[in-house]
Amino acid sequence: MTELSYTEPKPKVIAGSVDDWELVVGMEVHAQVKSDSKLFSGASTQFGAEPNSNVSLVDAAMPGMLPVINEYCVEQAVRTGLGLQADINLFSQFDRKNYFYPDLPQGYQISQLYHPIVGEGEILVDMEPGVARKVRVERIHLEQDAGKSIHDMDPEMSFVDLNRTGVALMEIVSRPDIRGPEEAAEYVRKLRQILRYLDTCDGNMQEGSMRADVNVSVCKKGQYEKFRETGDFSHLGTRCEIKNMNSMRFIQAAIDYEARRQIAILEDGGSIDQETRLYDPTKGETRSMRSKEEAHDYRYFPCPDLLPLTIEQEWVDRIRAGLPELPDEKKARFVTDYKMTEYDAGVLTAETANATFFEEVAKGRDGKQAANWVINDLFGRLNKEGLSVDATPVGAAQLGSILDLIAKGDISGKIAKDLFEIVWAEGGNPAEIVEARGMRQVTDTGAIEAAVEEVIAANPDKASNAVQKPSMAGWFVGQVMKATGGKANPKAVNEIVRAKLGI
């Protein structure tokens, strides 16, 4: 496989009143497993159902009810790990994480602390063409989600919806390798893209299918390198966790605010308390939520209701064999096979539907021309109309037909733009539209010569000046194109104009 070369971006440096400081960010992303049923019960995972309608006796923690592992959720976690080039642990184990939440009926969460299903992996975070950060993934573990507490339906009471209780989550934990707010947002965006390619999470952040806890600390310049050399976290400063972020823009804003808050405290002689904070997008600031718990605060112990999970290497290999082409591989192939820029390849591979559409258009045609039309004309119009490629009025076959008409010389680039607008508004077969509306470009040199001679005869002064100023040929070409309604072949017009003017 062809790989793209890259250089690492410089870390974000924030100037304090006394020192320069660097940001260090680690992410814990909770991605909802794409599955029809929950992690330990057969209840539906349908979003938007009536409150408390997708709740089994297991989810409600009724006495005597025991969890049963959902094999498909395990498969989805393994697929995700393989997509992140991570180690797959053939032995893993579920633990009880004990804490009280009103929307967690069991009084504990079933998670994986000591033996996660997925070990170390990595993600290449693209910042710009040729610039990327390799972020290490520490682990991925499976756990069940909690329900949802609703506080704005009554002035005196809170309500609980248990539909989400027991839904399978993959907690994807990064190393503290992210060095700025923009990188953090791009990390989440790249992770979301990979999960969507793998079809293991829909990545719908508005629905809560993907949420990020952001750990932020600051250190003086040079300290991060000491951490990488020694593995000693004391070089990084005390971290604060910003909980439940579901917007790329808010992730950036929260990190920037939190870093500056910590710098101000440290430069004033204070110290940072390790705590969990929330981001208020209205005020643009973080606020304290609770002191940060450590693992011992949750009294973890192996879940007595579930046997350790053992899987076969052969099963893992079968899942690996079924993986789709992932974003980095597809992007590198597009650059090589279609002779396009890395930027264009990034746009076209941002979503699987975009890439599939492009390849249908480009099949057997000029790849770079197809990319220009898909990105600039189609995607530009879709963005303007607020549509996805799945809802495009101009299908891949129709756009390909327009490119074929250009390649055969039946229409010019200008006519093609007009034809695209007609197909967008009315649909239809582009070739038939060209014939029915007389849009075929004029290639008859005799007719073009007559039009050129007519324009020259009507403008003798400009024609005589063109000998001394050859750039004026462009004016004549424009006049001929105007006279022929844009149907004349531009290349033929240019050649005949120059010949007739003697330049």
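Q: What makes up the contacts between residues at least 6 apart in sequence in the protein?
A: Contact means heavy atoms within 4.5 Å. Among contacts between residues at least 6 apart, 70% join residues at least 24 apart. This is a predicted model, in which local features need pLDDT of at least 70 and side-chain atom pairs count only at pLDDT 80 or more, while totals for chains, interfaces and linings use all residues. Residues are numbered from 1 along each chain as its sequence is written, and side-chain values use heavy atoms, with hydrogens and water left out.

Q: What is Leu405 in contact with, leaving aside its neighbours within four places in sequence?
A: Its partners are Asp410, Ile411, Leu419, Pro430, Ala431 and Val434. Leu405 and Val434 are 29 residues apart in sequence, and their C-alpha atoms are 9.1 Å apart in space. Leu405 itself sits in helix α10 (residues 396-407); helices (H or I, at least four residues) and strands (E, at least two) are DSSP runs, numbered from the N terminus.

Q: Why is Ala61 called partly exposed?
A: Its relative accessible area is 31%, so Ala61 is partly exposed. Ala61 lies in the loop between β2 (20-32) and α1 (71-83).

Q: What is phi of Ala61 near?
A: Phi of Ala61 is near 60 degrees, a positive value in a residue other than glycine. Most residues other than glycine have a negative phi.

Q: Which residues touch the most other members of the largest nonpolar core?
A: A nonpolar core is a set of buried Ala, Val, Leu, Ile, Met, Phe, Trp, Tyr and Cys residues joined through side-chain atoms within 4.5 Å. The largest has 103 residues, and Met27, Val78, Ile172, Tyr187 and Phe358 touch the most other members. Helix α2 (residues 181-198) gives the most to this core, with 9 residues.

Q: What does Tyr187 touch, not counting residues up to four places away in sequence?
A: Among its partners are Met27, Val29, Ile123 and Ile172.

Terms used. Buried means under 20% relative accessible area, exposed over 50%, partly exposed in between (1.4 Å probe, protein chains only).
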